[in-house]
Amino acid sequence: MQPVSLEVDDLREQYTREMALVRQTCERTGDGTAAIRRRSAVVDRILIELWRRAFADQPSQNVALLALGGYGRKDLFPYSDIDVLFTFADEKTEEQTREPVRGIIQGMWDVGLRASPSSRTAKEAGRFDPDNLEFTLATLDRRFLAGQFPLYQRLHQVALPGLVLSEWNTIAQKLNEIARARHVKYGNTIFHLEPNLKECPGGLRDYHLAVWFALLFHLRDTKEWPRQRGGVFQSARGDAEAAFDFLAAARCFLHFRHGRDDNILDWQSQDEAAALSIGLETRGTADPSYWMRTYYRHARVIYRRAVLLMEHLPAPVSFYRQFRRRRTPIAGTDFLLDQGRIDIEPGVQFNDTAAILRVFALMAMHGYPLSQAAEDRITDVLPVLAIHIPEGPYLWNALREVLLAPHAAHALRTMHALGVLEMLIPEFHGIDALVIRDSYHRYTVDEHTFLAIDNVHGLRQPANEHEQRLAQLLPEIDRLDLFMLALLLHDTGKARRNGEHSAQSVELADAFLARLDFDAEERESILKLIRLHLEMSVAMRRDIFDMENVRGFAEKIGSPQVLKMLTIMTFADIKAVNPEALTPWKAETLWQFYMATANFMDRSVDETRYHAAIDPTLLNRIRSMVPAPQYDALKQFLEGLPQRYLQTRLPEQIRSHFQMALNLQKDPVQLDLRPSRQLYDLTVITRDRTRLFADVAGALAAWGMSIVRAGAFSNDAGVIVDSFQFSDVFRTIELNPSEGDRFLENMHDVVAQKAVVAQLLESRRHLNNPGNLKMEVATRLEFDSESSSHSTLLQVVAQDLPGLLRQIALTLSLHQCDIKVALIDTEGETAIDVFYLTSQGGKLTSEAQETLGRDLRAALEAMRLPARA
C-alpha cells in the first residue's frame, strides 16, 4: 500500500486562525470552560477533514476514529495533547488502513496538534489490561468523530460496558490506589504555595476522578451509561461546577501565558491572574490573597467530593466485610455506620438542632467521616438550624463535646465545609480560606486553626522527645475546654486586616463568649490567652537566658497555669504554620524558655545567687574532666565568659572548648563541626579580631548554608568562642562526606584571613535574582535598651538574602559594636534577627543607635540593588 501524504497547509492556517480567536475570546470574557469547548470543536473539524482526505479512496473501510480523555470530554485545554483512538473491525482492516491512519497522525503533527494516538481492534478494545488502566479510563470519556458509526456503537453499547462491569472492582480499586498515591505525593492537602492546577488534591484531576467514580457507580447500579456524563456529578448548590469553571479559566490562563502545557500556579502567575481577575465573576483587578482564597475554596469543594466518592468504594479485601457489618446502627441515635461512615437512617425526620450537633460529636469522638448522603441531608436542613441557632449553655455544651474529643479538628473541618460552623460562630466566617500570602504561611487561616487543634490532641500520643515533654503539661491544664475554645478563636481577628490581629481576635471572641453566657472569670481566662498568644513567640526571639527577658515575660502572663497553656498554644500554633516551621531547635528553645520562666516563677532564692557567675556544681563537673595541672588554665578560660554560655553548653562541650583553646598555640584557628539532629554545629575558637563573626557568617552563606542560630562569646583573655548552628540546605556535606573536610579547610582559611569572603559570595550572587523572590520584605530596625540590663537589643527584619548576616555583622563592626548574642530566625523569605550589642562595654547611646540604624538600612538596601538591576 502506498504511503498517504496529506496536504495540510490550509488546515494549519485554519487552526492557527481559529485558535487566535479562541484566545482572544477567552482573554476578553475570562470563560475558560467555553474556551476548551471551542478548541475541541476546532480540532473536531480539523480531524474530520483529515479523515475525509486520508480515506477519500477507501470510504467503506470498517474503521472509526474516537476522541478520548480530555478531548473526549470536550475539555481540550489550549496546549493539551489530542488523545484519539483508531478502532478497527479486525486485524485485516487494521493492516489495510495502516497508511491512511499514519497519514492522519502525521497530518495532526503538521497542523500543529500534539497527537497522542492509540490503535485497537474492536476485540482488543474490549479487553482489560491491568497494567494500562489509563487506556481504560480514557475510554470512559469517548466520542465518535469519523468513520463507521455502527462500529463505534458496538463498542459503546456492548464491548466497553461489558469490560467495565466485568472488571468493576479491579478498575475502581486501581483508580482509588492511583488517586491516593497522587494525594500522598502532594502531602494529602490542597494547601500548596504554588499548586499544580491539574495534579494537586482539589485540582482538575480530582474533579475528573469524582466524575469517573460517579460514572462507575451509575453504570454498576443501572447497567447503562448516563445520558449526560456531567449529570452524575452535579451538585444541588452548583459548587462543583463553579469550581471546575474557575480551574478551567485558571488553567487556560497558564497555558496561554506560558505557551505550553504548564499547570503550575507559581507566585508570579498568581499575581497576574489576580490582576486580570481570572475565573472571577467581576472583571478588573483583584488582590492576590483574595484570588488565592477563591482558589482554595474551590479546591476544597472538589477534594471533599473526590474523597467522599473514594471512601464509598467497597473494601478491597473480601474477608473484611465478614468482621464489619455493612450497616450497623449506632445505639441511642438515628444514625448508623455504613462501612465506617456515619449515615442517617432512611425515613428518619432529621430536622432538629440536637441531631445535627450530635452527628459532629460522634465524628469528633470516633473519627468517622460522613457519607455523601448524610452530608446532603445536613445541607438540606441548614435552614432549620439558621432559624433556631442555639446559644448559651446549650451551644457551649455541644461545642465543648466536639473540642475535647480526640478527632475535634476532623469534625470542625466538616462543620466548616458544610457551613455549620459559621452558622454557630459567625465570627469564624471571616477567616474562611483566608490567605496570609507569604512563603512562610502554607495554610489558610481556617486550616491553620484546625491543624493547631489537631496538634494539641496529638500530644496524647507524642511522636518525639519534644512532644513527650510538652505532653506532661496537658493534664495539668485545669480547664482544657476553655483552652481549646481559645485556640479555635485565636486568629479570627486576621479577617479584619487592620491593626494587630490579637486585639481584633479578642474583640470578636468577646462578642461570641457573651452569647455563651460565660461568667466573667471564664471569659477573661479565654480572652487573656488570645490576647497573649503571640507573646511567647516574641520573647523567644530574645535571649531566653537573659533574666530581664524571662522576668518581663513572666510578669506579662502572671501565673504558672497561663504559662503552661501558652507553652502548648505556642507549640501548636508554630507547628501549624507549615510542616517545617517547628524545627528541633525551635522546639528545644520553647521548652528551655518554659523551664526558665517556670523556674523564675517558682524560685525563692535571691537574685544575686541566681545570677552567680559559675555554678559550683557545674565548675566541679568540668574540673573532674581535666587533669589537675590544668585547673588554673581552666579557670582562666572560663573567666569572663557570660552566664548564657555556661547554661547552654554541657560540661563535656565546655571541656572540649577548653581543650581547643589550649591548642591555639599550635594552630591559631580551632574548628569543631558536629551534626546535631537535622542541623550542624560549628564552633570557632580563636583570638579576637575585627570582622571575625562577619567573615564566618559570609563563608557559611557562600557554601549555601542557612544559619538558624549563632552566638558570639569571649573571655577576659580575648579568646573568642563563636558558635553557628546551620542547616545544610543542599545536603552538600551529607551526600559528599569528603566535602566536610574541604568545608573545614575553607572555614580555616577564612578565619585565618587567607581567603577573601567577598570572592566566595560572588559565586552565589545569582541567588539574589528577583525572580527567585516570591515577595519583597521591607527592612525594619528596632532598638531596645530597656529589656536588658547590660546590652542594647537590635531587631532586624529584612529580606532573607545570601550574605545578610555577614552584611549586618560588618556594619556592626564598623560602628565598633560587640555582638554578645545573635539569635537568627527565618520565616519564609523574612529574616528576623536579634542582636544583643554593647559598645565600649556599655549600651549604645541614642546617637549611636541613630547613626547605626541609618548606615545599616543603607547597607541592606545596597544588597537589593544587584537583585533589582
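Biologist: Where is Ser727 found?
Modeller: Ser727 sits in strand 11, which covers residues 719-728. Bear in mind that this is a predicted model.

Biologist: Is Ser727 buried or exposed?
Modeller: Buried, because its relative accessibility is 18% and the cut-off for buried is under 20%.

Biologist: And what does Ser727 touch?
Modeller: Leaving out residues up to four places away in sequence, Ser727 touches Leu679, Met705 and Ser706.

Biologist: Step back a bit. How many helices and strands are in the protein?
Modeller: The protein has 38 helices and 16 strands. Its C-alpha trace spans about 105 × 70 × 55 Å along the principal axes.

Biologist: What share of the residues counts as buried?
Modeller: 55% of the 869 residues.

Biologist: And the contacts, how much of them comes from residues 24 or more positions apart?
Modeller: Such pairs make up 71% of the contacts with a separation of 6 or more.

Biologist: Helix packing next. At what angle do helix 7 and helix 9 cross?
Modeller: The axes of helix 7 (residues 133-140) and helix 9 (residues 168-185) cross at roughly 105 degrees, and they come within 11 Å. Helix 7 is therefore roughly perpendicular to helix 9.

Biologist: Which residues make that contact?
Modeller: From helix 7, Leu133, Glu134, Thr136 and Leu137. Helix 9 puts in Ile171, Lys174, Leu175 and Ile178.

Biologist: How do the residues of that contact divide by class?
Modeller: There are 5 nonpolar, 1 polar and 2 charged residues in the contact of helix 7 with helix 9.

Biologist: Which ones are buried?
Modeller: In helix 17 the buried residues are Ala408, Ala409, Ala411, Leu412, Thr414, Met415, His416 and Leu418.

Biologist: What follows helix 17?
Modeller: Gly419, with a positive phi near 90 degrees.

Biologist: Now residues other than glycine. What is phi of Arg691?
Modeller: Phi of Arg691 is positive, near 65 degrees. Most residues other than glycine have a negative phi.

Biologist: Where is Arg691 found?
Modeller: In the loop between strand 9 (679-687) and helix 33 (692-702). Arg691 counts as partly exposed, because its relative accessibility is 41%.

Biologist: What about phi of Gln816?
Modeller: Gln816 is not a glycine either, and its phi is positive, about 55 degrees. The loop that holds Gln816 runs between helix 37 (804-814) and strand 14 (818-823).

Biologist: Is Gln816 buried or exposed?
Modeller: Exposed, because Gln816 has 55% relative accessibility and the cut-off for exposed is over 50%.

Biologist: Last topic, cavities. How many of 30 Å³ or more are there?
Modeller: The count comes to 4. The largest cavity holds about 100 Å³ of space.

Biologist: What lines the largest cavity?
Modeller: The lining has 14 residues, and Leu193, Tyr296, Val435, Ile436 and His441 lie nearest the centre of the cavity. Helix 12 (267-275) and helix 13 (288-311) are the elements that give two or more residues to this lining.

Biologist: How does the lining of the largest cavity split by class?
Modeller: It has 7 nonpolar, 4 polar and 3 charged residues.

Terms used: Residues numbered from 1 in each chain as written. Predicted model: local features only at pLDDT ≥ 70, side-chain atom pairs only at ≥ 80, totals over all residues. Heavy atoms only, no water. Axes fitted to C-alpha atoms, helices over the stretch in contact; angles between N-to-C directions. Helix = DSSP H or I, 4+ residues; strand = E, 2+ residues; numbered from the N terminus. Parallel < 35°, antiparallel > 145°, perpendicular 65-115°, else oblique. Contact = heavy atoms within 4.5 Å. Nonpolar A, V, L, I, M, F, W, Y, C, P; charged D, E, K, R; others polar. 1 Å grid on protein atoms, 1.4 Å probe; cavity = no way out; pocket = protein on both sides within 12 Å on 5 of 7 lines; lining within 4 Å. Points joined across faces, edges and corners; volume = space filled by probe spheres on them. Buried < 20%, exposed > 50% of the residue type's maximum accessible area, 1.4 Å probe, protein only.
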